[in-house]
Amino acid sequence: MRVAILGGNGKTGRAVGNSLLARRISVLPLGRSDDLALATRGCDAAYVIAPNLHPDEPAYVAAALAALRSAGVERIVYHSVASPYLPEMPHHLGKAAAEDLVRRSDLKWTIFQPGAYLQNFNRNRPLEVPYSLDARFGFLDLHDLGQATAVVLTQDGHVGATYELASRLATVAELAAEWSVTATQVPDPGLHPWLSAMFAYYDAHGLPVGTLTLRALLGRA
């Protein structure tokens, strides 16, 4: 099997690629400027990751789907987000619309809805976040994401499935205590209006995600 990873040079794509390579699956990491229809010819599957905060993710995904169909790729995994339909978060809504495009494509698809990454934090340094330290999240370990990708692409029964993925449920305060570092809530830096909307939502509601689905996929007790 040969798997193209759209966005394969970022931390998500690298984690997926490393897990596939560990199972002796051929990997083709692709950048944003690659000609997808040309580059993915001969690939059996594709893992589709849109750029962070893409201004029009549905258009990006529609173009990727068209290119993959043109190249003869039949199997895809789309990297969405946990709780995609959240009206208060525009970038989540973009992923919800993109999921609809994936579902209505003629490809054999699986959709991943990952929680926040544990790897977004450095466990050796104080944690500073612009939302409540007591907000509850479903955190995903990127190694687990890669392992889940390998499972759904090499085993039957995952076509047409949508999986929320989290390795554990915790708060930032709990993570900091486990890692023996301090945690502080800091002001929103105001880097992007979509990020500000996300931080405000996190502050009020967190982003909890169940862990049973990932445990089942990976065969964990």
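Me: Before we start, what does contact mean here?

Reply: Contact means heavy atoms within 4.5 Å. Keep in mind that this is a predicted model. Now take Cys43 as a case: setting aside residues up to four places away in sequence, Cys43 touches Arg2, Ala4, Leu28 and Val73.

Me: Where does Cys43 lie, and is Cys43 buried or exposed?

Reply: Look in the loop between helix 2 (36-39) and strand 3 (45-48) for Cys43. Buried means under 20% relative accessible area. Cys43 has 6%, so this residue counts as buried.

Me: Let me try another loop. Where is His158, and which residues is His158 in contact with?

Reply: His158 sits in the loop between helix 5 (142-154) and strand 9 (161-165). Its relative accessibility is 9%, so His158 counts as buried too. Beyond its neighbours within four places in sequence, its contacts are Arg75, Trp109, Thr110, Val151, Val152, Tyr163 and Leu217.

Me: And Pro189: buried or exposed?

Reply: The cut-off for exposed is over 50%. Pro189 has a relative accessible area of 51%, so Pro189 is exposed. You will find Pro189 in the loop between strand 11 and helix 7. Leaving out neighbours within four places in sequence, Pro189 is in contact with Pro130 and Phe199. Pro189 and Pro130 are 59 residues apart in sequence, with 7.8 Å from C-alpha to C-alpha.

Me: Let's turn to a helix. Which residues of helix 6 are buried?

Reply: In helix 6 (residues 172-179), the buried residues are Val172, Leu175, Ala176 and Trp179. Viewed down the helix axis, these buried residues fall within an arc of 100°, so they line one face of helix 6.

Me: What do the buried residues of helix 6 pack against, and which residue follows the helix?

Reply: The buried residues of helix 6 pack against strand 7 (127-129), strand 8 (136-140), strand 10 (168-171) and strand 11 (183-185). After helix 6 comes Ser180, whose phi is positive, near 60°.

Me: How many residues of each class does the lining of the largest pocket have?

Reply: Sorted by class, the lining of the largest pocket has 25 nonpolar, 14 polar and six charged residues.

Me: Let's step back to the whole chain. How many helices and strands are there?

Reply: The chain has eight helices and 11 strands. For overall shape, compare the radius of gyration with the value for a compact globule: for 221 residues that would be near 17 Å, and the chain has 17 Å, which agrees. Along the principal axes, the C-alpha atoms fill a box of roughly 50 × 40 × 25 Å.

Me: What percentage of the residues count as buried, and what percentage of the contacts join residues at least 24 apart?

Reply: Of the 221 residues, 50% count as buried. Among contacts between residues at least 6 apart in sequence, 76% join residues at least 24 apart.

Conventions. Residues are numbered from 1 along each chain as its sequence is written. This is a predicted model: local features need pLDDT of at least 70, side-chain atom pairs count only at pLDDT 80 or more; totals for chains, interfaces and linings use all residues. Side-chain values use heavy atoms; hydrogens and water are left out. Buried means under 20% relative accessible area, exposed over 50%, partly exposed in between (1.4 Å probe, protein chains only). Helices (H or I, at least four residues) and strands (E, at least two) are DSSP runs, numbered from the N terminus. The arc is that of the directions from the helix axis to the C-beta atoms. Ala, Val, Leu, Ile, Met, Phe, Trp, Tyr, Cys and Pro count as nonpolar, Asp, Glu, Lys and Arg as charged, and the others, Gly among them, as polar. The radius of gyration is taken over C-alpha atoms; the globule rule is 2.2 Å times the number of residues to the power 0.38.
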